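Dear colleague,

I am pleased to hand over the structure that follows. Please look through it before reading the notes below.

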Amino acid sequence: QTARTYLVFFDWNRSDLTARAREIISEAAGNSRRVQSTRIEVAGHADRSGTPQYNQRLSQRRADVVAAELVRQGVNRSDIGITAYGESRPLVATADGVREPQNRRVEIVLR
């Protein structure tokens, strides 16, 4: 079975969920029940506009807020693995200090 990935994007320097983000998380939560996924991976990311240390913490906050919303939507917390990658795994390669919306994300992967 192939993994299903959902992307939740964030505004610059923010870790709060938009209405669209909540819709995506709701879809992921619903599909996790339908496909009987055994593991849900939540991975937080940041762009390179802050220090690596700050971006690591920001990506953790983003991952935590997405995981909390998944739990609020009925997913068992024990089924969720959370990882924060900071600025180390960009979707779009940029120079240090660049604000890149595609890199400010959390990936939800149903396995």
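Of the contacts in the protein with a separation of 6 or more, what percentage is accounted for by residues 24 or more positions apart? The share is 78%, where contact means heavy atoms within 4.5 Å.

Please note that this is a predicted model, in which local features need pLDDT of at least 70 and side-chain atom pairs count only at pLDDT 80 or more, while totals for chains, interfaces and linings use all residues. Residues are numbered from 1 along each chain as its sequence is written, and side-chain values use heavy atoms, with hydrogens and water left out.

Overall form

The protein contains two helices and four strands, in the order β-α-β-α-β-β from the N terminus. These elements are DSSP runs numbered from the N terminus: helices are H or I with at least four residues, and strands are E with at least two. The radius of gyration of the protein is 13 Å, which agrees with the value near 13 Å for a compact globule of 111 residues. This radius is taken over C-alpha atoms, and the globule rule is 2.2 Å times the number of residues to the power 0.38. Along the principal axes, the C-alpha atoms fill a box of roughly 40 × 25 × 20 Å.

Of the 111 residues, 41% are buried. Buried means under 20% relative accessible area, exposed means over 50%, and partly exposed lies in between (1.4 Å probe, protein chains only).

Arg62 is placed in helix H2 (residues 52–72). Arg62 is buried yet has no salt bridge, and the nearest side chain of opposite charge, Asp47, is 6.1 Å away. A salt bridge is a side-chain nitrogen of Lys or Arg within 4 Å of a carboxyl oxygen of Asp or Glu; Lys and Arg count as positive and Asp and Glu as negative, while His and the chain ends are not counted. Not counting residues up to four places away in sequence, Arg62 touches several residues, including Phe10, Asn13, His45 and Arg104.

Asn13 itself lies in the loop between strand E1 (4–9) and helix H1 (19–34). Asn13 has a positive phi of about 60° although it is not a glycine, and its relative accessible area of 34% makes Asn13 partly exposed.

Thr51 is found in the loop between strand E2 (40–44) and H2. With a relative accessible area of 42%, Thr51 is partly exposed. Thr51 and Glu87 are 36 residues apart in sequence and 9.0 Å apart in space, C-alpha to C-alpha.

Yours sincerely
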